[in-house]
Amino acid sequence: MKESKEIVRKRAIDLVKRMSVEEMCGQLLFDAPSIPRLHIPSYNWWNEGLHGAARSGTATVFPQAIGLAAMFDAPRMREIGDIIAIEQRAKYHAFSAQGDRGIYKGLTVWSPNINIFRDPRWGRGQETYGEDPMLTSTLAVQFVKGLQGDGSVLKTAACAKHFVAHSGPEAERHHFNATVSPKDLEETYLPAFKAVVTEANVNGIMGAYNLINGEPCCAAGLIATKLRKDWGFDGLFISDCWALRDIHEQHHYSKNPTESAALALRGGCDLNCGCTYAYLLEAYHKGLVKKEDIFEACVRAMTTRFELGLFDDDDPYRHIPFSEVDSPEHADAALEAARRSIVLLKNSDGFLPLEGMGTIGVIGPNADSRIALVGNYHGTPSREVTFLEGIRSAFSGRVVYSEGSSLTKDRVERLSESGDRLSEAVAVANMSDCIILCLGLDERVEGEMHDDGNGGIAGDKSDLRLPLAQRKLLASVAGTGKPIVVVLASGGAIDPESDGYPNVKAIFQVWYPGQAGGTALADILFGKVSPSGKLPITFYRADTTLPPFEDYSMKDRTYRYYSGTPLYPFGFGLSYTTFSFDAFHVEWQKGEAVVTAMVENTGNRDGEEVFFVTLQTDREGMPLHPFLAGFTRVALVAGERKGISIVVPYSRFSVVDGNGKRTTAQGKWKLFLGNSVSISGDTLSVEKEFVL
């Protein structure tokens with residue numbers, strides 16, 4: 001691939017040499033214009049593919065990224081990335097044949113989001129792979145490989161974002177300065193970016209809006225040092241959309257757009273999503289940037305277009321038919337992902353799976369909601385199944401329904417009284433044998449920063465409680481005494497505060513499960529499939545005192561450094577069956593610890609389980625708790641026994657000091673193998689001690 005890259009770069013250099021400086025500058029805008037004399041068509045760089053081909057019409061919609069992380073399934077992440085790339089390719093060629101080269105219709109996919117979900121209030125945390133650097137790195141590498149393919153031509157060009165420390169608050173992102181210690185930067189915020197560069201050869205990196213330790217992320221010294229020098233990144237660095245405008249308007253780091261354009265280009269930002277690079281030519285004439293800087297950025301941009309085969313007639317992906325978009329095979333893959341992403345948090349007295357019910361009441365603002373399926377950065381599914389529809393299709397008895405409440409407002413009908421659907425919900429509950437209560441959020445209240453319509457900013461959560469209207473609904477339905485299964489749709493942690501209601505028998509975290517969410521939920525409710533999702537984030541109690549949102553220190557954050565008792569720990573997830581393992585063995589091979597064991601499904605149902613390897617040492621500066629070092633997902637029919645193997649690289653046995661220097665941590669280590677990251681008396685876990 002290296003030789004191919006060199007050849008492609010030579011072609012890009014030859015093409016850019018024939019451009020004027022003005023033409024080069026134009027190619028560094030996200031909506032790059034055509035250059036007819038050089039036979040270069042226009043190209044819009046902005047496209048999205050977080051969990052499906054997004055914002056360009058019909059597409060297969062997978063679970064939101066946080067739900068994909070809950071699968072803990074690296075091979076499946078690569079398959080999903082490949083499906084997204086196939087659909088993006090089919091759309092691109094169909095649209096381009098009609099002369100449509102607009103936004104969201106190119107082959108440069110600005111995904112994945114590999115920021116660390118450090119604070120449960122962050123609305124965009126749903127776009128990430130959770131709170132752990134190792135999990136994020138592993139899944140991101142496979143997703144990028146799926147998007148880009150392994151041929152001589154990129155299937156699509158992935159772009160990991162947002163370099164480098166960005167995780168809220170959303171309302172302050174355009175002027176916020178993230179103060180990050182060298183240790184936290186190296187240990188938490190940088191690893192996933194390093195992984196996608198060095199292990200997946202990601203084509204693009206996108207910079208964040210905010211400052212990082214006083215420097216604009218899209219012009220920070222880390223671009224030249226970490227990305228280019230230390231990691232050897234030779235791809236395209238892209239600004240977040242209109243982030244360069246923030247350099248002068250919000251950060252006041254420069255005086256005007258001309259200076260901002262020059263600062264960003266000299267800092268290593270090649271492509272501008274926004275319009276600040278419209279001032280690049282002026283910056284050049286004023287001597288603020290050199291022709292060589294513009295030339296090199298343009299070469300990188302054109303190299304990507306060559307790598308995508310956009311100037312070649314023999315592009316191997318040109319003949320992918322439009323029928324691949326939203327195909328039945330891709331729909332099956334979305335269903336399988338949704339099933340594996342759903343996490344069973346509670347199942348009192350083995351209440352689930354449901355059996356022997358005559359009438360089921362389905363209640364709640366998310367019960368028949370399509371928007372609760374998709375999360376943000378989504379395509380348009382043509383075959384979406386709500387929770388209500390999935391239950392109706394799967395259940396042979398009677399299903400009755402009430403919306404119960406608004407998602408966030410105190411009434412459903414504008415001119416009605418407060419709590420206008422509560423009496424209906426109680427009536428439905430009274431006539432039912434069991435209640436499926438569908439609560440939570442959706443992208444309108446949890447997600448990227450946007451105007452909330454009331455003069456404020458929506459996106460982040462103010463706390464971890466359900467909206468008041470839903471808390472009232474839960475109390476009213478629980479008052480009937482009927483058994484309740486709570487279904488939480490959200491992109492992050494919510495505490496339903498159900499402890500006071502003993503008739504809440506079970507709780508599911510379904511995230512935003514994609515187009516097949518209703519089918520997947522019903523399959524698990526009625527026992528067709530055993531739940532197997534695990535939490536990629538910590539669920540905290542609603543009354544937990546969290547560190548200040550603006551504090552980027554990892555102290556008391558995530559499972560690695562949290563000093564309290566969580567509501568549900570990272571890696572938690574129940575099953576309908578049981579597992580055991582033996583023959584646990586650790587062998588050192590070529591600088592890696594190879595962990596093997598024989599695992600067995602000891603229950604009477606088929607199921608899948610995730611097994612984790614975690615590490616712990618008492619060396620100063622290490623996480624407070626055992627931290628993730630490896631994982632694997634295994635499928636076992638009832639009674640089946642098979643071997644598993646998890647490789648732990650030697651680099652995992654390291655410590656980062658206060659100066660950000662990573663070294664091997666010599667001394668005594670504990671290595672745990674289990675089906676939970678949290679090591680406690682009620683988890684399946686064994687350990688070995690050894691000295692490095």
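**Salt bridges and burial, asked and answered**

Modeller: In this predicted model, the salt-bridge count comes to 45.

Biologist: What makes Arg 9 and Glu 296 a salt bridge?

Modeller: Their side chains come to 3.0 Å, N to O. The cut-off is within 4 Å, for a Lys or Arg nitrogen and an Asp or Glu carboxyl oxygen, so the pair qualifies. As for where they sit, Arg 9 is in helix H1 (residues 2-17) and Glu 296 in helix H12 (residues 291-307), so this one links distant parts of the chain, 287 residues apart.

Biologist: Why is Arg 9 called partly exposed?

Modeller: Its relative accessibility is 31%. Buried needs under 20% and exposed needs over 50%, so Arg 9 falls in between. Glu 296 has a relative accessible area of 23%, so that residue is partly exposed too.

Biologist: How do you know that Asp 119 forms a salt bridge with Arg 557?

Modeller: Check the closest N and O atoms: they are 2.7 Å apart. With the limit set at 4 Å, the pair therefore counts. Asp 119 belongs to the loop between strand S3 (108-109) and helix H5 (133-148), while Arg 557 belongs to the loop between helix H18 (517-525) and helix H19 (558-561), so the bridge ties together parts 438 residues apart in sequence.

Biologist: And why are the two partners called buried?

Modeller: Asp 119 has a relative accessible area of 0%, and Arg 557 has 2%. Buried means under 20%, so both get the label.

Biologist: What makes Asp 230 and Lys 226 a salt bridge?

Modeller: The N to O value is 3.9 Å. That is within 4 Å, so the pair is in. Both residues lie in helix H8 (residues 221-230), four residues apart, which is about one turn of the helix.

Biologist: Is Asp 230 buried, exposed or partly exposed, and why?

Modeller: Partly exposed, because its relative accessible area is 47%, and exposed would take over 50%.

Biologist: Which residues do shared partners join into one network?

Modeller: Glu 336, Arg 339, Arg 340, Asp 523, Glu 608 and Arg 633, through salt bridges that share partners.

Biologist: Last one: why is Ser 462 called exposed?

Modeller: Ser 462 comes out at 70% relative accessibility. You'll find Ser 462 in the loop between strand S15 (457-458) and helix H17 (468-478). From Ser 462 to Gly 207 it is 255 residues in sequence and 26 Å in space, C-alpha to C-alpha.

Technical notes:
Residues are numbered from 1 along each chain as its sequence is written. This is a predicted model: local features need pLDDT of at least 70, side-chain atom pairs count only at pLDDT 80 or more; totals for chains, interfaces and linings use all residues. Side-chain values use heavy atoms; hydrogens and water are left out. Helices (H or I, at least four residues) and strands (E, at least two) are DSSP runs, numbered from the N terminus. Buried means under 20% relative accessible area, exposed over 50%, partly exposed in between (1.4 Å probe, protein chains only).
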